[in-house]
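Dear colleague,

Please find below the structure that I am handing over to you.

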Amino acid sequence: MKLKKQVTVCGAAIFCVAVFSLYLMLDRVQHDPTRHQNGGNFPRSQISVLQNRIEQLEQLLEENHEIISHIKDSVLELTANAEGPPAMLPYYTVNGSWVVPPEPRPSFFSISPQDCQFALGGRGQKPELQMLTVSEELPFDNVDGGVWRQGFDISYDPHDWDAEDLQVFVVPHSHNDPGWIKTFDKYYTEQTQHILNSMVSKLQEDPRRRFLWAEVSFFAKWWDNINAQKRAAVRRLVGNGQLEIATGGWVMPDEANSHYFALIDQLIEGHQWLERNLDSDSSTDIFCHMMPFYSYDVPHTCGPDPKICCQFDFKRLPGGRINCPWKVPPRAITEANVAERAALLLDQYRKKSRLFRSNVLLVPLGDDFRYDKPQEWDAQFFNYQRLFDFFNSRPNLHVQAQFGTLSDYFDALYKRTGVEPGARPPGFPVLSGDFFSYADREDHYWTGYYTSRPFYKSLDRVLEAHLRGAEVLYSLAAAHSRHSGLAGRYPLSDFTLLTEARRTLGLFQHHDAITGTAKEAVVVDYGVRLLRSLVNLKQVIIHAAHYLVLGDKETYHFDPEAPFLQVDDTRVSHDALPERTVIQLDSSPRFVVLFNPLEQERFSMVSLLVSSPRVRVLSEEGQPLAVQISAHWSSATEVVPDVYQVSVPVRLPALGLGVLQLQLGLDGHRTLPSSMRVYLHGRQLSVSRHEAFPLRIIDSGSSDFALSNRYMQVWFSGLTGLLKSIRRVDEEQEQQVDMEFLVYGTRTSKDKSGAYLFLPDGEAKPYVPKEPPVLHVTEGPFFSEVVAYYEHVHQVVRLYNLPGVEGLSLDISSLVDIRDYVNKELALRIHTDIDSQGIFFTDLNGFQVQPRRYLKKLPLQANFYPMPVMAYIQDAHKRLTLHTAQALGVSSLKDGQLEVILDRRLMQDDNRGLGQGLKDNKRTCNRFRLLLERRTVGSEVQDSHSTSYPSLLSHLTSMYLNTPALALPVARTQLPGPGLRSFHPLASSLPCDFHLLNLRTLQAEEDTLPSAEMALILHRKGFDCGLEAKNLGFNCTTSQGKVALGSLFHGLDVVFLQPTSLTLLYPLASPSNSTDVYLEPMEIATFRLRLG
């Protein structure tokens, strides 16, 4: 009764609002000066003015009629559901479109004006060198004797060092690829373990010797295989500065395709390992050294002339396996020749030093897998020591030379420049930007590997999303189980699976792994590791979700043989696409647990596969929900028998779990079938039908058609099935967004494209299919989509009819299969009428965005850039962003265009050491979101800045794409019933410019066991407020960077909180009683956290 009164009051209130709105409209018609101006050509008589106003009022009434009828329907809906919470029931309008009533619970979007200032710039240090400007100004000529050629001429005066000696640090190092030509394990067995074993004995022979190491993945494997005595020796060598670990990541990661979550994670994994095992001090600094010559190998590091430098690579002494390509071999240093050899080498050192701002010189001495035999250690160290002794005993030469590490070099540099280590030395410029895209010679730009092997680039991101989700759920489940005194029952041993997955993801960030530039057998090895870790992470997730979703934790029982939850999908092999789990429906209800890995509440579409079209879906409270049911297609003409897709809009708690119930049975009002049209374009094909779904087959005809939701109308070509234009519902003008597929070939002579290089044979040519595509056009209450089935690509463009983030962009996926191509690359190009003026924007590692300019003076391939997360073009009015779920190469070759390379199949090696082409292509699903945004009036486009920022909507769109909700069915053998409760881990929502990057349980002192502490890593994003803000479907607010962590976690207290360095190596402050934290925009902050 009480609820009915409330509904009546609510209805009356809505009626009053409607009447008041009409009054205001009439008032607006009378007082709007623009309308007076527009009506200036009407007769001035009172009657005609009144008639004009009545017509205008009628027009306004007509425009608002539909809104008022929706309000009326909503009131009726409220009344109909007076006994329980109101449900969203879509309805079909006379003009043939579905309308989903607004949610009963409104949400708001409230951004503090102070939080908009950051993207407007003007803060921080202005760089003296901006790489975009450098690229525009450099002539990129390639003259003989010039800087691009080997042996370019550098002159000096021998008296240049009279006042201050040249100080030379020769740094022995060995670059060990964790997989490239051989697998990680094979490299370790055949080479790396020998390098490290020799390192221990050879460094101990002479305290003046030094060695630099980087890859902790190899070092950790070796450490596990050496005895305590050798470990103690290693610790001594580190302690006295003879052995230094540089960077200390799990690998030396690729910088183009990797995502910042994985970059930070592999850094933490390496640093945490070093802290536990070597217990040495650490420091970090962003004072950079540039290597000025062609390569990091010995011939290209002592000076500008490789013919001379090669003579000082003593592994190449006559009689060895490798020699100098310049035909002048090295000579062992003796008393008789030391003066002549030292003079030759000093000349190179002096020439190289002229390129730097100080008289401190860094000379690397190493190459791939160097120092793997004791003879090489002896040859390099004995011969160089004789040269150093000669230099250092002759003051008239004004040179001091020694073996050194990076720390030795930078410490000396700071000392020479007269500043404390870590301070900015005077006279050294600040640089902004990056070094993409680069060529090592001629026009050989390394832009192919931005796309090479996209299947594994995609699998990498799937593993990353699962790792983050598993970390968060495991940390929460462990904390809650400890809090409840049930830690003994929970499988804390899952921590070993987390550790293995961290290391697998870290390994794959290596610069020959995610890049797609390893041998085929090595790619298989990576793939098997990735899949094994993905399977393990799904286990961690279902174990944690099982514990957290139980209403009564006392009933929790972990049985590894009979898991409570099933996984959402499975992969039959490392190179297969996932197959979604089909939920078998029978007389007893089935339950599904939904996991939202986002730190914000989420209103999303969840699609499940079920065994019957007769399905009812209920909320956790038992409230029937409206769903859209569709057939499940295996090809353009065949449906999968007895498998159906049920799509349901659900609101999920931040980082939490929701519960759905599925029952066999039909609810005619709420189980709403999709309708479908199939365009055959004259092809004689037989198409499967199902009585449950309306299906119309159109044999011929190719007129364009549109799909629409509450925000936009999207037009498609009836001939190609590809996107043509987008019109926002509040605008009359359509925005051209024309898609086409293209094909690049490779050169016919000399060097051709390969795993690394993109060397096209000219501009791309249109993709011409043998037959026109079959098109599927599906329409329904919650989503509509167009599928175009081409021979080499199946493209799906889906439009969600939901409020908020899901409905504001287009969901696009391209299932690519080019296994019959020969030396071709498939691209997707978007043409728009955006006046981009040669500028486009791409992200760096998903962390920040860089402006790019199309440079006509450079070849086509030089204008491609990596796109790990997004690329956009814009003008004064619009911005179009292509969001991606996998790293690919992108460009904008003409104004208003964006172009992405989807896959590449190349039959030959490109002479960069791999020795193979790219012939192991897979069926690959590339996933995107296309977001069209409008600039607000008065917000200027900030093109002069060295950075640009996405909008908050754009950030969230990227998160939705990269972090999908996981649907975990409760196993049929379980009898859950009312025992399941949604899990809301956060008591208060995070500001929506904050991203919870990770909640990572830390390892205890004993290996393999978790500690009670975790690393909380927060990232405050920079965002552009100049793009029109929409209601995002959840309460989105910002807080000037302040977060109260003490009240963040529901049911758990923060008992310990300490800010630390990014990778937890050292504290930034002592533990504080205050749990309020503050982050600057773009800052990533790590906290050591204990919950109780």
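In this predicted model, Thr1001 stands opposite Met1014 in S44. Strand S44 covers residues 1010–1020 and is joined to S43 by 8 bridges, the two strands running antiparallel.

These strands belong to an open sheet of 4 strands, whose order is S43-S44-S49-S47 and whose pairing is antiparallel. Its edges are formed by strand S43 (994–1003) and strand S47 (1054–1060), each of which pairs on one side only. From one strand to the next, the twist averages 25°.

Two helices may be described together with this sheet. Helix H8, made of residues 260–277, lies across S43, S44 and strand S49 (1084–1091), and runs at about 25° to S43. Helix H14 (residues 495–508) also packs on the sheet, where it touches S43 and S44. The direction of H14 makes about 120° with that of S43.

A separate point concerns the surface. Leu129, Met290, Leu431, Phe435 and Tyr438 make a nonpolar surface patch of about 450 Å². One of these residues, Tyr438, is placed in the loop between strand S10 (431–432) and helix H13 (454–483). Why does Tyr438 count as partly exposed? The reason is its relative accessibility of 33%, because the partly exposed class lies between the limits of 20% for buried and 50% for exposed.

I would be grateful if you would look at the sheet and the surface patch in the structure shown above.

With kind regards

Conventions: Residues are numbered from 1 along each chain as its sequence is written. This is a predicted model: local features need pLDDT of at least 70, side-chain atom pairs count only at pLDDT 80 or more; totals for chains, interfaces and linings use all residues. Side-chain values use heavy atoms; hydrogens and water are left out. Patches are made of residues with over 30% relative accessible area and no salt bridge: like charges are joined within 9 Å, nonpolar side chains (Val, Leu, Ile, Met, Phe, Trp, Tyr) within 5 Å. Accessible areas come from the Shrake-Rupley method with a 1.4 Å probe; for residues, only the protein chains shown count as cover. A salt bridge is a side-chain nitrogen of Lys or Arg within 4 Å of a carboxyl oxygen of Asp or Glu. Buried means under 20% relative accessible area, exposed over 50%, partly exposed in between (1.4 Å probe, protein chains only). Two strands pair if DSSP finds at least two bridges between them. Axes are lines fitted to C-alpha atoms, for helices over the stretch in contact, and angles run from 0 to 180 degrees between N-to-C directions. Contact means heavy atoms within 4.5 Å.
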